Amino acid sequence: MEQLKQKIREHGSVLSEQVLKVDAFLNHQVDPPLMQAIGREFARRFGGQGIDKVLTLEASGIAPALMTALELGVPLVFARKHRSLTLTDNLLTARVYSFTKQVESTVAVSASHLAAGERVLIVDDFLANGQAALGLAAIVRQAGAQLVGIGIVIEKSFQSGRGALEEQGYRVESLARIASLAGGQVSFLE
Ligand code: G4P
């Protein structure tokens, strides 16, 4: 998606060979027209698949996932990382290990928001090692729902996430694929 790649070139900054900072438009300050375009692009790629719900993980997945859900005309559900006083129903949970933060956390969705037979699209902001998406996929499975695909805003293709998800047979669509962050430069795969 050229508009996104342009934004990354202009406003992204390379923090290390592993980490790209995009908090000017994606995960701290958020660019609404860009999110709208991202939502349209995911809806174009996954439209016609009979999607019932979009699923993401708080916090930074919410903006692109919400715009995708709006375009598809379906609800957005976000998995919570922190216990909520109101999250008292039957919970679907998964353990997610973050290599970036080196912590393991439990992510949870109330079973009342994900039903058996529903067709679910996962959307997330980054794909690194794929642990977040695998955790969300496990939650979809626990619900007896069907995972239609995984939409990623920025994929770091030099990390193992895509391979791990494809190995499980999931369709992965990424809007920007980064081949390398070496030398402080962002190189795109395609
Ligand atoms: P994985 O899920 O693909 O295995 O990724 P990993 O554990 O490495 O990532 C953990 C967190 O770090 C995620 O956010 C992810 O979005 C973020 N992240 C991974 N690589 C980058 C990067 O290069 N740049 C930036 N800016 N973020 C990255 P999170 O902990 O869920 O945070 P948030 O959604 O609450 O903001």
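Start with Gln102, in the loop between S5 and S6. Helices (H or I, at least four residues) and strands (E, at least two) are DSSP runs, numbered from the N terminus. Phi of Gln102 is near 55°, a positive value in a residue other than glycine.

Before going on, the ground rules. This is a predicted model, where local features need pLDDT of at least 70, side-chain atom pairs count only at pLDDT 80 or more, and totals for chains, interfaces and linings use all residues. Residues are numbered from 1 along each chain as its sequence is written, and side-chain values use heavy atoms, with hydrogens and water left out.

Ala59 lies in the loop between strand S3 (53–57) and helix H3 (62–72).

Now the pocket. On a 1 Å grid over the protein atoms alone, a pocket is an open set of points where a 1.4 Å probe fits, with protein on both sides within 12 Å along at least five of seven lines; lining residues have an atom within 4 Å of a point. The largest pocket holds about 880 Å³ of space. That volume is the space filled by probe spheres set on the points, and points are joined across faces, edges and corners. The lining has 35 residues, with Ser98, Thr100, Lys101, Asp125 and Phe126 nearest the centre. Sorted by class, that is 17 nonpolar, 10 polar and 8 charged. Nonpolar here means Ala, Val, Leu, Ile, Met, Phe, Trp, Tyr, Cys and Pro; charged means Asp, Glu, Lys and Arg; the others, Gly among them, are polar. Which strand gives the most to the lining? S7, with 4 residues.

Where does the ligand sit? In the largest pocket. The test for that is more than half of its atoms within 2 Å of the grid points. The ligand is surrounded by 22 residues, the closest being Leu20, Ser60, Lys81, Thr100 and Lys156. Near means a heavy atom within 4 Å. This shell splits into 9 nonpolar, 8 polar and 5 charged residues. S7 gives the most here too, with 3 residues. Strand S5 (91–98), strand S7 (119–127) and helix H4 (131–143) each supply at least two.

A backbone N or O atom of Leu20 is 2.6 Å from a ligand nitrogen. Lys101 puts a polar side-chain atom 2.6 Å from a ligand oxygen. At Gln131, a backbone N or O atom is 2.9 Å from a ligand oxygen. Overall, the protein covers 84% of the 720 Å² of accessible area that the ligand has on its own. Those areas are Shrake-Rupley, with a 1.4 Å probe.

Last stop: Glu173, in strand S9 (residues 172–180). The Glu173 side chain makes polar contacts with the side chains of Arg45, at 2.8 Å, and Arg171, at 3.2 Å. A polar contact is a pair of N or O atoms within 3.5 Å; within protein, one must be able to donate a hydrogen and the other to accept it, and residues adjacent in sequence count only if both atoms are side-chain atoms.
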